[in-house]
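Please read the report below alongside the sequence and the coordinates. It goes from the overall fold to strand pairing and then to charged side chains.

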Amino acid sequence: MRLFLFLCLLLASCNSKEDKEKYNHQLYRAVNNKDTAVLDIHINDKRFYGRYEINHYGTGKDSGDVRGDLRGDTLRGDYHYISFGGAWKRVPLALLKKDEKLYLGKGVIGTYFNLPCYVPEVPIEYHNPEFLFERIEEK
């Protein structure tokens, strides 16, 4: 009986996945001093997902997955990655889309149901971002 329920749930979850064909692939890069970040995302009018990698000059890199929702001109979600120290981490992610660029937001991080998120009472700051992503063409 448990196996049957598991298979039913698995089948239902596979069928409920959004059609990946409706996503547009976009590649972005940002440089801050000698640190470089690459954001490789698939995006539609409601959601996004993809890979995000930050190369910290001389110390290593953070590499992992991003996913979230599109709310107007803002991409809000999370970044689940392995840090250059080797531990898995999850942090909230906010990107403002303006003039064909993505501005990485900064905010106060709290937890909700044991997941990190930006505290809603404090606005996310997009001025002077750590990374300003510009779209690049794939080679």
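This is a predicted model: local features need pLDDT of at least 70, side-chain atom pairs count only at pLDDT 80 or more; totals for chains, interfaces and linings use all residues.

Where contacts in the chain with a separation of 6 or more are considered, residues 24 or more positions apart account for 35% of them.

## The barrel

Eight strands close into a barrel, in the order β1-β2-β3-β4-β5-β6-β7-β10, and their pairing is antiparallel. Within this sheet, neighbouring strands are turned against each other by 30° on average, with direction ignored.

Several of the individual pairings can be described in terms of their bridges. Strand β4, which covers residues 60–71, is joined by nine bridges to the antiparallel strand β5, residues 74–82, and in this pairing L70 has L75 of β5 as its bridge partner.

## Around strand β7

Strand β6 pairs with strand β7 (residues 101–104) in the antiparallel sense over four bridges, and K97 stands opposite L102 in β7. These two strands form a hairpin with two residues between them, and in the turn D99 has a positive phi of about 55°.

Strand β7 is also joined by three bridges to strand β10, which spans residues 132–136 and runs antiparallel to β7; here the bridge partner of K101 is E134 in β10.

Side chains of opposite charge can pair when their charged atoms come close. With nitrogen-to-oxygen distances within 4 Å as the criterion, the count comes to five salt bridges.

One of these salt bridges is formed by D65 and R51, whose closest N and O atoms are 2.9 Å apart. Because D65 lies in strand β4 and R51 in strand β3 (residues 47–56), the pair ties together parts that are 14 residues apart in sequence.

Which side chain meets that of D78 in a salt bridge at 3.4 Å, N to O? The partner is R67, and since D78 lies in strand β5 whereas R67 lies in strand β4, this pair ties together parts that are 11 residues apart in sequence. The two residues fall into separate accessibility classes, for D78 is buried, with a relative accessible area of 14%, while R67 is partly exposed, with a relative accessible area of 44%.

D78 also forms a salt bridge with R90, and in that case the closest N and O atoms are 3.1 Å apart. This second pair links distant parts of the chain, with D78 in strand β5 and R90 in strand β6 (residues 88–98), 12 residues apart. R90 counts as partly exposed, at 27% relative accessibility. Through salt bridges that share partners, R67, D78 and R90 are joined into one network, whose members lie in strand β4 for R67, strand β5 for D78 and strand β6 for R90.

How values were computed. Residues are numbered from 1 along each chain as its sequence is written. Side-chain values use heavy atoms; hydrogens and water are left out. Two strands pair if DSSP finds at least two bridges between them. Axes are lines fitted to C-alpha atoms, for helices over the stretch in contact, and angles run from 0 to 180 degrees between N-to-C directions. Contact means heavy atoms within 4.5 Å. Buried means under 20% relative accessible area, exposed over 50%, partly exposed in between (1.4 Å probe, protein chains only).
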